[in-house]
Amino acid sequence: MARTAGAQPRTTVNLALDSAIFIGFLVATAPRFTGIAIHEWLSIAFGAAVIAHLLLHWQWIIEVARRFFGKVTWMSRVNYALNSLLFISMTIIIFTGLMISE
């Protein structure tokens, strides 16, 4: 598989963003350590980072959605369904958290 000239920097950006999302998620899920105010702001930043992640991978999302009913393995369909459910659940969690936020 040949790599394009911009593949390495893009991979580095993806790794950095995904690592920041993961660390932010871990910290945001422990409000007793950070306090409620930091928990709420980290959760908003987490939502923004998830949106940035989706925008960076939008072409992949479209391609996988297009091939979902074509010739793909059942594992690809399961992964797509799980990722979709994860996105829906995180969206609901962030939205309801914003609604009850002080």
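Glu63 and Arg66 sit 3 residues apart in helix 4, so about one helical turn separates them. Helices here are DSSP runs of H or I with at least four residues, numbered from the N terminus. The model is predicted: local features need pLDDT of at least 70, side-chain atom pairs count only at pLDDT 80 or more, and totals for chains, interfaces and linings use all residues. Residues are numbered from 1 along each chain as its sequence is written, and side-chain values use heavy atoms, with hydrogens and water left out.

**Salt bridge**
- The side chains of Glu63 and Arg66 form a salt bridge at 3.0 Å, N to O.
- The rule asks for a side-chain nitrogen of Lys or Arg within 4 Å of a carboxyl oxygen of Asp or Glu, and the count comes to 1 salt bridge.
- Glu63 is partly exposed at 28% relative accessible area, whereas Arg66 is exposed at 59%.
- Buried means under 20% relative accessible area, exposed over 50%, and partly exposed in between (1.4 Å probe, protein chains only).

**Largest pocket**
- The largest pocket holds about 570 Å³ of space.
- A pocket is an open set of points on a 1 Å grid over the protein atoms alone, where a 1.4 Å probe fits, with protein on both sides within 12 Å along at least five of seven lines; lining residues have an atom within 4 Å of a point.
- Volume is the space filled by probe spheres set on the points.
- Of its 17 lining residues, His53, Leu54, Asn83, Leu86 and Phe87 lie nearest the centre.
- Helix 1 (7–28), helix 3 (36–56), helix 4 (58–67) and helix 5 (74–100) each supply at least two lining residues.
- Helix 5 gives the most, with 6 residues.
- The lining has 12 nonpolar, 4 polar and 1 charged residues.
- Ala, Val, Leu, Ile, Met, Phe, Trp, Tyr, Cys and Pro count as nonpolar, Asp, Glu, Lys and Arg as charged, and the others, Gly among them, as polar.

**Second largest pocket**
- About 350 Å³ of space lies in the second largest pocket.
- His39, Ser43, Ile93, Ile94 and Gly97 lie nearest its centre, among 16 lining residues.
- Helix 1, helix 3 and helix 5 each supply at least two residues of this lining.

**Nonpolar surface**
- Trp74, Met75, Val78, Leu82, Leu85, Phe87, Ile88 and Ile92 form a nonpolar surface patch, with about 820 Å² of accessible area together.
- Patch residues have over 30% relative accessible area and no salt bridge, and nonpolar side chains (Val, Leu, Ile, Met, Phe, Trp, Tyr) are joined within 5 Å.
- Accessible areas come from the Shrake-Rupley method with a 1.4 Å probe.
- Ile92, in helix 5, is exposed at 51% relative accessibility.

Definitions and conventions:
Patches are made of residues with over 30% relative accessible area and no salt bridge: like charges are joined within 9 Å, nonpolar side chains (Val, Leu, Ile, Met, Phe, Trp, Tyr) within 5 Å.
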